[in-house]
Amino acid sequence: MPPTLASLVHHSALKLTVRAGEDRLDVPVRWAHASELADPVPYMEGGELLLITALKLDAEDREAMRRYVKRLAEAGVVGLGFAVGVHYDDIPDALVDAAREEGLPLLEVPRRTPFLAISKAVSAAIAADQYRAVTAGFAAQRELTKQALTEGPEGLLAALASQVDGWTALYDASGAVVATAPEWAGRRAARLTADVQRLRERPAPASSVVAGPENEDRVELHSLGTGRRPRAALAVGTAAALGTAERYAVHSAIALLTLTTERSRSLHAAEQRVGAAVLRMLLAGEPDHARAVAGDLYGGLLDAPFRIIVAARGEANGDALGALAEVAESAAARSGEAVLVVPEGEDRLVVLAADGGAAVAACCDHAGAREAARKADEDDLVVGLSAPAGPIAASAAYKQAEQALSVARRRGRVLVEHERMAAGSVLPLLADDAVRAFADGLLRALREHDATGRGDLVASLRAWLSRHGQWDAAAADLGVHRHTLRYRMRRVEEILGRSLDDPDVRMELWLALKATAPE
């Protein structure tokens with residue numbers, strides 16, 4: 001521990017005597033400084049033992065001593081050493097009384113004890129304390145390294161909690177708690193998820209200090225990872241601020257966990273390459289080869305119904321795909337599921353996950369949250385979700401996901417599920433520039449005819465098609481005779497050069513009318 005006024009008083013070679021502030025001798029001393037200035041406060045940092053001979057002080061002036069001592073106490077000076085036998089044979093009562101009133105420890109320094117001896121004693125004690133801290137830090141580092149190698153992150157967390165006399169927690173990339181030490185710290189760690197998520201928004205490495213739940217403790221949060229996005233986070237909860245030795249232990253733990261995280265990252269990249277090969281085999285209609293390559297890594301995933309997610313990012317958020325991948329992988333890890341995440345270049349991502357599993361649900365929730373939060377004109381994440389499928393139908397599921405993705409992009413949606421596309425209407429799909437251009441070209445001759453005032457062919461065609469070619473009903477809707485309507489439909493055929501008896505022609509005309517109808 002650092003030197004205190006008590007340790008200096010008990011130093012046999014210094015022969016110091018306590019004259020005031022006996023109950024505050026356990027305060028640490030950061031340094032010993034001699035100054036004869038009438039006001040040394042501007043040169044104080046706090047924590048000093050100030051040594052004086054009162055060369056420029058009227059130490060017998062009670063009011064002056066009150067002001068002097070009060071200024072020292074407010075500046076954080078922890079003690080005052082007064083050398084007797086230099087300018088005063090004894091410490092004046094005015095200074096003693098002022099020190100007692102302020103509660104500032106006052107030490108009498110005998111003439112035979114030079115101030116330099118006190119400074120050396122303080123310096124030596126500080127150096128010894130730092131040496132002990134460094135030695136303890138190296139010992140902690142060895143123990144943490146041993147635990148990391150033999151017991152993994154859980155053993156490292158337990159060793160760190162013991163070193164700092166507190167608790168520790170490890171969070172994954174999504175901010176969820178992965179492990180804690182001791183076990184009772186799980187509830188405290190879970191309450192800090194929001195703080196961890198805020199920390200993840202800052203580039204790594206980053207750290208912050210927060211108050212524990214209900215101010216139970218002081219918690220330091222540290223991001224882990226060397227990339228722009230942190231891969232994990234470490235929480236260290238203690239009753240008080242960390243000392244030097246504890247700080248060494250925390251820094252060692254951060255380094256070891258970062259190495260573990262980066263190693264996991266390399267393994268993860270290798271898994272992604274295997275996953276890409278498995279996906280290509282599935283899409284090529286080779287499920288048996290895909291199972292053989294996947295082995296135990298993805299084998300369980302290929303034995304049950306799965307869904308395929310195809311996601312694309314817009315230009316508004318370059319990290320949207322990375323965030324979606326983290327969501328899928330974290331959800332799968334927490335639930336013990338296998339998940340296959342394969343980037344397709346920089347702009348697309350494919351996720352193959354168990355139907356009804358946590359990964360698919362987490363991706364849908366994430367997409368829903370982004371849709372609710374984004375601005376109307378923001379080009380963000382776009383996601384298409386296939387129907388459930390098995391290995392034999394993987395290629396069809398992939399096409400379903402791509403179709404859903406295309407619809408989502410046209411509709412301005414974040415997520416579209418292929419299963420729900422058939423439950424809606426085809427009309428929103430007509431909101432496409434190519435479709436509208438085709439419709440305008442198909443109906444242009446009829447609209448030009450109507451613009452001359454020679455009839456109402458477009459309205460007549462719409463009424464006739466809506467009544468499925470029933471002449472009387474369509475004529476009644478228009479308020480004309482059925483012979484008039486027949487004449488108009490013959491004019492439509494003549495102008496378009498197409499027969500209305502052809503069901504394909506009727507379908508194209510009806511869709512063209514719908515695509516160009518005013519909203």
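Is Ser 386 buried or exposed? In this predicted model, Ser 386 has a relative accessible area of 0% and is therefore buried, since that value lies under the 20% limit. The residue is placed in the loop that links β14 to α12 (394-411), and its side chain reaches the backbone nitrogen of Ile 308 at 2.9 Å. When neighbours within four places in sequence are set aside, the contacts of Ser 386 comprise Arg 307, Ile 308, Ala 397, Gln 400, Ala 401 and His 418.

Helix α10 covers residues 320-335, and its 16 residues should span 22 Å at 1.5 Å a residue, a figure with which the 23 Å between its end C-alpha atoms agrees. The buried residues of this helix include Ala 320, Leu 321, Ala 323, Leu 324 and Ala 325, as well as Glu 326, Val 327 and Ser 330. Those buried residues of α10 pack against the helices α7 (193-200) and α11 (358-373), and also against the strands β11 (306-312), β12 (339-344), β13 (348-354) and β14 (382-385). Just after α10, a positive phi of about 75° is taken by Gly 336.

A further helix pair is formed by α15 (residues 457-466) and α16 (residues 471-478), which pack with their axes 8 Å apart and at an angle of about 135°. Because this angle falls between 115 and 145 degrees, α15 and α16 are oblique to each other, and their crossing is right-handed. At the place where the two helices meet, α15 contributes Ala 459, Ser 460, Ala 463 and Trp 464, whereas α16 contributes Trp 471, Ala 474 and Leu 478.

How values were computed. Residues numbered from 1 in each chain as written. Predicted model: local features only at pLDDT ≥ 70, side-chain atom pairs only at ≥ 80, totals over all residues. Heavy atoms only, no water. Helix = DSSP H or I, 4+ residues; strand = E, 2+ residues; numbered from the N terminus. Expected span 1.5 Å × (residues − 1). Buried < 20%, exposed > 50% of the residue type's maximum accessible area, 1.4 Å probe, protein only. Contact = heavy atoms within 4.5 Å. Polar contact = N/O pair within 3.5 Å; in protein donor to acceptor, adjacent residues only side chain to side chain. Axes fitted to C-alpha atoms, helices over the stretch in contact; angles between N-to-C directions. Parallel < 35°, antiparallel > 145°, perpendicular 65-115°, else oblique. Left-handed = near helix turned anticlockwise from the far one by under 90°.
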